[in-house]
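The following exercises are to be worked through with the sequence and the model side by side. Each task is followed by a solution in steps.

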Amino acid sequence: MRQTYTLYGWHLSYFTGKALCYLRYKQVDHVIKAVNLFTLTRTIKKKTGAAVMPVLKTPSGEWIQDTSEIIDYIESLHHMNPVTPNTPVQEFASTLLEAWGDEWWVPIAMHTRWNYPENFALFEQDAGKALLPWAPRFLQNKAAQRPAKMLRGMLPFVGIVPEQYNTMNEWTVHMLDALNRHFEQLPFLLGERPSLGDFGLVGTMYGHLGRDPWPKRELIEPRTHLNAWLERMKNPAVHADKLLLGNDEIPASLNPIFKSVFEEFIPMVAQVGELATQYAQQNGLNQRLPRRIGEVTTTMGGKPFKRGALPYMIWMMQRALDCYAHMADSDKHDVRTWLKQHNAEHILRLNLPRVERRALTVAVTALPPKHMEKAA
């Protein structure tokens, strides 16, 4: 009997796109099922602790909620076409790019969807049909209003307020141009086939920027090389036997992307880490943190950018730092050498608390160490 995975999600969902492209790349037997109202609010909540998507149901009956953990699980069982590079710098860089794609792009995806009214018809159609597939259209439209209201209410939560619209718009144009220039040279981020970073980035592109009418027309389609990458990511298995760049190379065309990672994203994570540490000191270890624990200010394109402090991003950055911590000394040296080229070696000494994932947030399990690793 064939062992088939079931991915519960919507095509318009940020992280469903990431998981779906990954499963297609791995060429494991899978089906995607649109999440209806009962599955979302009862079954998934019972199995994972949160009404959330996507969720992967394995052939053995396990339910896995987070896309990074979905990837870890599939990679541990299906060794063909690995998405994690087998050289240290590319491996570490790809984990950073996944975290950046998962966490940093969320405001851009939500801004380009909810602040352009022409996008709503597609959301209403997809969400309503998924939630109440048996119902007449007017009831489906009514059902879609609830998640729409909830998501619109989250806009200030992630920094989407009128005084920051121009900052986000300018940054988006700049970054999409940089990605378009990169994909003019290479088909994927690190070579001829996708790696973990590609799947982190495709989340915002698959369901939001590359599918919603306004950003698809205005932002993605005019950038033909970026658009071509997105099309490749929708059917990535045909590239599975290709190679990443040799000699553990990170292409210079990704410098603008890593500038954002090092100067915008990671300073934000560091501030969130400080707030999480304060919370744990006041409330004790192993306590589930709220999804938002205050506000932080970083920069976006050189301008101040304020948004909610979501402790979940500590867990994503922790994965990257754990990747480095488990390397051999010679591999660590290579990673530090690469980081020095970007004046970013300090990220290895981030004063982050140790966290454990708890559904959509985290719990602090250990406060930051008193003695941090010193650069060699």
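**Exercise 1.** Is Asn81 buried or exposed?

*Solution.* The model is predicted, and local features need pLDDT of at least 70, side-chain atom pairs count only at pLDDT 80 or more, and totals for chains, interfaces and linings use all residues. Residues are numbered from 1 along each chain as its sequence is written, and side-chain values use heavy atoms, with hydrogens and water left out.

Step 1. Recall the cut-offs: buried means under 20% relative accessible area, exposed over 50%, and partly exposed in between (1.4 Å probe, protein chains only).

Step 2. Asn81 has a relative accessible area of 16%, so this residue is buried.

Step 3. Locate the residue: Asn81 belongs to the loop between α3 (67-77) and α4 (88-104). Helices (H or I, at least four residues) and strands (E, at least two) are DSSP runs, numbered from the N terminus.

Step 4. Inspect the backbone: Asn81 is not a glycine, yet its phi is positive, near 55°.

**Exercise 2.** In what order do the strands of the open sheet lie?

*Solution.* Step 1. The four strands follow the order β2-β1-β3-β4, with mixed pairing; two strands pair if DSSP finds at least two bridges between them.

Step 1. At the edges are β2 (30-33) and β4 (63-64), each pairing on one side only.

Step 2. Strand β3 (residues 55-57) runs antiparallel to β4 and is joined to it by two bridges. Leu56 stands opposite Ile64 in β4.

Step 3. Helix α1 (residues 14-26) packs on the sheet, where it touches β1 (5-8), β2 and β3.

Step 4. In the loop between α2 (37-48) and β3 lies Pro54; the peptide bond from Met53 to Pro54 is cis, with omega near 0°.

**Exercise 3.** Which residues have the most contacts inside the largest nonpolar core?

*Solution.* Step 1. A nonpolar core is a set of buried Ala, Val, Leu, Ile, Met, Phe, Trp, Tyr and Cys residues joined through side-chain atoms within 4.5 Å.

Step 1. The largest core has 126 residues, and Phe92, Trp100, Trp105 and Leu179 have the most contacts inside it. Helix α12 (residues 255-283) gives the most to this core, with eleven residues.

Step 2. Leaving aside neighbours within four places in sequence, Leu179 is in contact (heavy atoms within 4.5 Å) with residues including Trp105, Leu226 and Ile257.

Key
Axes are lines fitted to C-alpha atoms, for helices over the stretch in contact, and angles run from 0 to 180 degrees between N-to-C directions.
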